[in-house]
Structures are given as structure tokens and as C-alpha cells.
Amino acid sequence: MTKIIVANLKMCMSTKDTSEYIKSINKIEQENVIICPTNIYVPYFLNKKYKVGLQNISSYDLGPYTGDVSANQASTMGIKYALVGHSERRIHQNEKDEEINKKITQALKYGMIPILCVGETLKEKRNRKKIVKKQLEQALKNTLVNKVIIAYEPVWAVGTNVIPTNKEIEEMINYIRGLIKKRYDKTNIKVLYGGSITKENVSRIKQIENIDGILVGSSSQIVDEFMEIIQKYLK
Ligand code: PGA
């Protein structure tokens, strides 16, 4: 089965950085690479061999919601994917599971594939299964679960250079799969791992057999490093 690689470029690149980045990234041929640029740069990334995703999507349809981008708008531009519930939004924008559920519903309504990010903080690590279960159940309430990609991203591993052991990741991925099977009777869900993946540790992450791919943040913003990650992970 082909693995997926998602790049979260966050809000980190200037216009100049982006145009340099595009020169290199456009050389990649893999259709299973999904790049999530800052919204205003999205048009520069469209209609290439790779796929494009948003970093967030509105919980509303079209309407007077200043600053938001809806799934209705994104889907008609050919954008297929959207990150939903990323920990940086949960933390800085105080995004709650109920709102995340509405975003997933919107994305699915317009045929987009939401990439739902879940994961515990360091303080919650001992209760991680309970935390992740709650996040999943609330976010996926009344949705078509089999159309959603799940990314397990422990908050303490996002942007910290601290990464769980393979055993810890494997255990949580199995837990998520088991939960989805039990709760929704679905077995074909794609589950990714994300948090502090680099060109140095990607070969180690590749050894985890039960993941369908990876979500890369900071290391995807340096184009040479990201290309190396793709090459190492997909080879
Ligand atoms: P990171 O970010 O790779 O910088 O830890 C991961 C993410 O944005 O999901």
C-alpha cells in the first residue's frame, strides 16, 4: 500500500521563500505527497503532480465569516485535503472538538478529505488513550469516518524535536485503529504519525509498520530536507 506524506508549511515562509520552494518541489512526481501551504500561497501549488491541502477549514459554509475559507470554496478550486484540529489551532485559537466536528462535516459535504489531528499534551501523556478517544469520538460524531484520515500527533512532539519511541507510536496507532473498528466498524482508515520528523529520524519512523504515512511540519519547510524525507520514506 502506498504511504502518504503530508507537509505542513504552517505560517513560516515569505513570498520569496515560497517561490524558491516551488521551483524545487514542483519536480516531485509523487501523487501521495500532500502539501499544505499558507492559504494565500495555495494557487501557486495547484495543478502539479503532488496534492494540495489547507491547514484549516471553516466550520461554516459560504457566508459572512471574515477571514475564513470554506470547504465549499476550497473544493471548487481543486483542493482535496484540509488539516483539521491541528494542535497549534487547538492551543492558539482555542479550537474545541465540537468546532472540529463541524469542520469535518463541512469538508466531507464538499468531497474533501479532512486530516484530523489528535494527540495528548505532555501533562496528559499518562492518560493519552482516554484523551485521544475523547478527541476522536467528539470530532467524528455523525460523520463518514471512512473518508477521514487521522494523524496521531502528540502535542509534546510537535515542533519540539522530541519524538516518541517506535513502540509508543505503534501502540497508539493500534489503539486508534481498534477504537475505530469497535466504535464504527471500519478497518480501512488511514492513520498517520506526525511530530518532529526529520531527515535523520525518518528511516527509524519508516520501520513502524502499522502507519499509513507521516505528517511533517518544520522539516517540510526546507525543501532539500523535505525531498530527502520523501525519498527515504517512500523508497
Ligand atoms: P513538526 O510539526 O514536524 O514541526 O513537529 C508537525 C505538524 O505540524 O503537524
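Around the ligand there are 13 residues, of which H86, E153, G159, S196 and S218 come nearest; a residue is near when one of its heavy atoms lies within 4 Å of the molecule. By class, this shell divides into 4 nonpolar, 7 polar and 2 charged residues, where Ala, Val, Leu, Ile, Met, Phe, Trp, Tyr, Cys and Pro count as nonpolar, Asp, Glu, Lys and Arg as charged, and the others, Gly among them, as polar. The model is a predicted one, with local features needing pLDDT of at least 70 and side-chain atom pairs counting only at pLDDT 80 or more, while totals for chains, interfaces and linings use all residues. Residues are numbered from 1 along each chain as its sequence is written, and side-chain values use heavy atoms, with hydrogens and water left out.

Polar contacts are pairs of N or O atoms within 3.5 Å; within protein, one atom must be able to donate a hydrogen and the other to accept it, and residues adjacent in sequence count only if both atoms are side-chain atoms. Oxygen atoms of the ligand take part in several of these. A polar side-chain atom of K10 is 2.9 Å from a ligand oxygen, a polar backbone atom of S196 lies 2.7 Å from one, and for an N or O atom in the side chain of S218 the distance is 2.6 Å. The protein covers 99% of the 280 Å² of accessible area that the ligand has on its own, as computed by the Shrake-Rupley method with a 1.4 Å probe; for residues, only the protein chains shown count as cover.

S196 deserves a paragraph of its own. This serine sits in the loop between β7 (190-194) and α8 (202-206); helices (H or I, at least four residues) and strands (E, at least two) are DSSP runs, numbered from the N terminus. S196 is buried, at 13% relative accessible area, given that buried means under 20%, exposed over 50% and partly exposed in between (1.4 Å probe, protein chains only). Its side chain reaches two backbone nitrogens, that of N161 at 2.7 Å and that of T160 at 3.4 Å. Beyond its neighbours within four places in sequence, S196 is in contact (heavy atoms within 4.5 Å) with A157, G159, T160, N161, V162, I163 and N201.

The backbone of S196 has a positive phi, near 55°, in a residue other than glycine. D185, also not a glycine, has a positive phi of about 55°. D185 belongs to the loop between α7 and β7 and is exposed, at 56% relative accessibility.

Turning to the interior, a nonpolar core is a set of buried Ala, Val, Leu, Ile, Met, Phe, Trp, Tyr and Cys residues joined through side-chain atoms within 4.5 Å. The largest such core holds 62 residues, and F45, I214 and F226 have the most contacts inside it. Helix α7 (residues 166-184) supplies the largest share, 6 residues. A second, separate core of 12 residues includes I4, C36, Y81 and C117.

C117 lies in strand β5 (residues 113-118) and is buried, with a relative accessible area of 3%. Not counting residues up to four places away in sequence, C117 touches V84, G85, H86, R90, A151, E153 and L215.
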